[in-house]
Amino acid sequence: MQQIILFLIKNKTGLVFIILMTIALGLTFQAHTYHNSKLVSSANFITGKVLGTTESVDQYFDLKTQNEILLEENETLRRRLLNTTSAEDTLQPDLDYITDTLYRIQKARVISNYYDKIDNYLLIEGGTKDSIKADLGVISSKGIIGIVIDASKEFSRVISILNTNTSINAKLKNTSHFGTLTWNGKDPNLMNLVDVPRSAPVKLGDTITTGGRSLIFPEDVPIGVISDYQLNENLGYYTISVRLFNDMTNLKHIYVIENVRREEAYEVLNEEKP
Amino acid sequence: MKTYFINTIRFILLILVQVMILNHFEVFGYVNPYIYPLLIILLPFNVNSIQKLVLAFLLGICIDVFEDSGGIHAAASLVIAYLRPLFLRNAFGLSYDYQTLKFYHAPFRSRFIYVSLMIIVHHSVLFALEIFSVNHLLYLLEKVVYSSVFSILLIMITLNLIRKNRK
């Protein structure tokens, strides 16, 4: 017994090192395996406030670009609004049509955005008090950004599409051939669409949008265009490089989307939440 | 007591500088300099080894919380804190063994070697854990080399600035 205690005292530095290292590695493995690890999360009060302060200074340097982006979006929406013919309106005289919302949309602001790591996360201002919760989709005016994985009262953590753990259901816009959107960890402008069947008519420059199979994102949210593709002859599947519409390195104003009927859909599917 | 005070101030200051300023630097798209290992580099040479390890762990975990990166910074900081005596002996030689070492009295070359060893090991552990895959070995090497160059430069400049203020 004495021997053991003496040994422990003699090697106490090594022991402390091993214990702390085990904790650190444990946290690392956990972050790589379960992407919604809650132990070390930036969605807490202190980090939120510090990063929020930085961001509120930072945003002045970026006002012009962000204004351009918002103006562009306004333009698109205006065009769509003015070009809606009255015939379409009269076809839906039922007032319930307006109140029966499918998606609830909540604006939010990015306060920390990483895109140079292998697994990237964003922190946004807006949390449970704005009815933002886990598993909601996040988009910008130009395309998808990620999925909320953790929400505190005022801040939420979003897993970026630029994360090797994410896989998002996407399709070719014209033909509805489905595939899975993944990231290879390098270029923040490029993603890969894998498992698209051989029968799909893949052409350079075609648009990729979200598929309707997920209950997180609505169907037909634009993602990007095909910039390159390869056909795997053995498996009969395409691997497609997608150039994103979104500039993931410059995000400020975003929207959190909630599918109002999702709970109901899960009940029908009788399925565990993903 | 004074050492505790100085190191607490440094601790907070370095974390704030790291997360509020340096994490917004994206040189060439993926090079991100790290200044916070400076705290471990500048710890007194006769510091209690357990306190040193706990401090390194806390420092790393704070950066991890801000970056949502699991425990990679904690692990990297721990490794350099643990290996620090080895690097000190390598860089400063006998004067470290005889406990007569004054950091700023040592020649520039020794200081540079010491800082470089610390930063290169720190960045290697950090990016290896971050990338966590053997498929990206070349990318890992690129990231370690480029980031190390910037971090070493930054830390050497900061070291000289601190010294000027004290004179």
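A: The account below begins with the domains and then turns to one residue, the other chain and the record.

This is a predicted model, in which local features need pLDDT of at least 70 and side-chain atom pairs count only at pLDDT 80 or more, while totals for chains, interfaces and linings use all residues. Residues are numbered from 1 along each chain as its sequence is written, and chains are lettered from A, and ligands numbered from 1, in the order in which they are written.

Chain A is assigned domain 1 (45–164 + 250–259) and domain 2 (168–244); such bounds come from an automatic or database domain assignment. Between the C-alpha centres of domain 1 of chain A and domain 2 of chain A the distance is 22 Å. Domain 1 of chain A brings 16 residues to the contact and domain 2 of chain A brings 15 residues, where two residues are in contact if their C-beta atoms, placed from the backbone, lie within 7 Å.

On the side of domain 1 of chain A that touches domain 2 of chain A, two or more residues are given by each of β3 (137–139), β4 (144–151), β5 (155–163) and β12 (253–259) of chain A. Strands (E, at least two residues) and helices (H or I, at least four) are DSSP runs, numbered from the N terminus. The largest share of this side, three residues, is that of β5(A). By class, this side of domain 1 of chain A has 10 nonpolar residues, five polar and one charged. Here Ala, Val, Leu, Ile, Met, Phe, Trp, Tyr, Cys and Pro count as nonpolar, Asp, Glu, Lys and Arg as charged, and the others, Gly among them, as polar.

Strand β5 of chain A includes A:Asn163. A:Asn163 counts as buried because 23 C-beta neighbours lie inside 10 Å; the cut-off for buried is 20 or more other C-beta atoms within 10 Å, with C-beta atoms placed from the backbone. A:Asn163 is 55 residues from A:Ala108 in sequence, and their C-alpha atoms are 21 Å apart.

The contact between the chains takes 31 residues from chain A and 31 residues from chain B. On the side of chain A that touches chain B, α2 (12–33) and α3 (45–58) of chain A are the elements giving two or more residues, and α2(A) gives the most, 15 residues. This side of chain A divides into 15 nonpolar, 11 polar and five charged residues.

For chain B, an unreviewed UniProt entry annotates residues 38–66, 112–132 and 144–162 as "transmembrane region"; such annotations may be inferred rather than shown by experiment. Residues 112–132 of chain B are 95% helix and 0% strand, with end C-alpha atoms 29 Å apart.

Methods
A residue is buried if 20 or more other C-beta atoms lie within 10 Å of its own, exposed if 12 or fewer, and partly exposed in between; C-beta atoms are placed from the backbone.
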